[in-house]
Amino acid sequence: MTPDYNRVDASLWFVHAAYQYCGIRGCGLLTKYLYPKLCEVMECYRDGTDFGIRMDADGLIRAGDGNHQPTWMDAKIQ
């Protein structure tokens with residue numbers, strides 16, 4: 001079985017962790033290695049991804065398409 005990478009919040013936690021790391025250890029490695037990936041993450045939220053994950057016009061994140069459960073709870077009502 002192949003995994004589904006359909007968690008709406010996982011990438012946001014990555015961004016948060018990178019920000020925290022920068023505050024503690026400085027931004028040298030962050031800028032060199034992680035910044036391009038952080039930009040890619042934000043672009044994907046802006047443009048939309050599979051599973052209905054996207055940023056609305058008001059800047060809030062929306063997720064779900066009725067067929068997938070894109071939260072950490074992995075709950076689905078049938």
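Visitor: Which residues does Y45 touch, not counting residues up to four places away in sequence?
Guide: This is a predicted model, in which local features need pLDDT of at least 70 and side-chain atom pairs count only at pLDDT 80 or more, while totals for chains, interfaces and linings use all residues. Residues are numbered from 1 along each chain as its sequence is written, and side-chain values use heavy atoms, with hydrogens and water left out. Y45 lies in helix 2, where helices (H or I, at least four residues) and strands (E, at least two) are DSSP runs numbered from the N terminus. With contact meaning heavy atoms within 4.5 Å, and with residues up to four places away in sequence left out, Y45 touches V8, D9, S11, L12, I53, R54, M55 and I61.

Visitor: Is Y45 buried or exposed?
Guide: The terms rest on relative accessible area, with under 20% called buried, over 50% exposed and anything in between partly exposed (1.4 Å probe, protein chains only). The relative accessibility of Y45 is 6%. Because of that value, Y45 counts as buried.

Visitor: How are helix 1 and helix 2 oriented relative to each other?
Guide: The axes of helix 1 (residues 10-25) and helix 2 (residues 28-47) come within 10 Å and cross at roughly 150 degrees. Such axes are lines fitted to C-alpha atoms, for helices over the stretch in contact, and the angles run from 0 to 180 degrees between N-to-C directions. Angles under 35 degrees count as roughly parallel, over 145 as roughly antiparallel, 65 to 115 as roughly perpendicular and the rest as oblique. The crossing angle therefore makes helix 1, relative to helix 2, roughly antiparallel.

Visitor: How many nonpolar residues does the contact of helix 1 with helix 2 have?
Guide: On one side are S11, L12, F14, V15, A18, Y21 and C22 of helix 1, which meet L29, L30, L34, L38, V41, M42 and Y45 of helix 2. Ala, Val, Leu, Ile, Met, Phe, Trp, Tyr, Cys and Pro count as nonpolar, Asp, Glu, Lys and Arg as charged, and the others, Gly among them, as polar. By these classes the contact has no charged residues and 1 polar residue, and its nonpolar residues number 13.

Visitor: Which residues does V15 touch, not counting residues up to four places away in sequence?
Guide: V15 is found in helix 1, and at 24% relative accessibility it counts as partly exposed. The C-alpha atoms of V15 and Y35, 20 residues apart in sequence, are 9.5 Å apart in space. Leaving out residues up to four places away in sequence, V15 touches L38, V41 and M42.

Visitor: What is the phi of G26?
Guide: Helix 1 has 16 residues and reaches 22 Å from its first C-alpha to its last, close to the 22 Å expected at 1.5 Å a residue. Helix 1 is followed by G26, whose phi is positive, near 95 degrees.

Visitor: Where is F51, the residue other than glycine with a positive phi near 65 degrees?
Guide: F51 is buried, with a relative accessible area of 15%. Its place is in the loop between helix 2 and strand 1 (54-55).

Visitor: How far apart in space are N67 and G52, C-alpha to C-alpha?
Guide: N67 lies in the segment after strand 2 (61-62), and at 51% relative accessibility N67 counts as exposed. N67 and G52 are 15 residues apart in sequence, and their C-alpha atoms are separated in space by 9.7 Å.

Definitions and conventions: Expected span 1.5 Å × (residues − 1).
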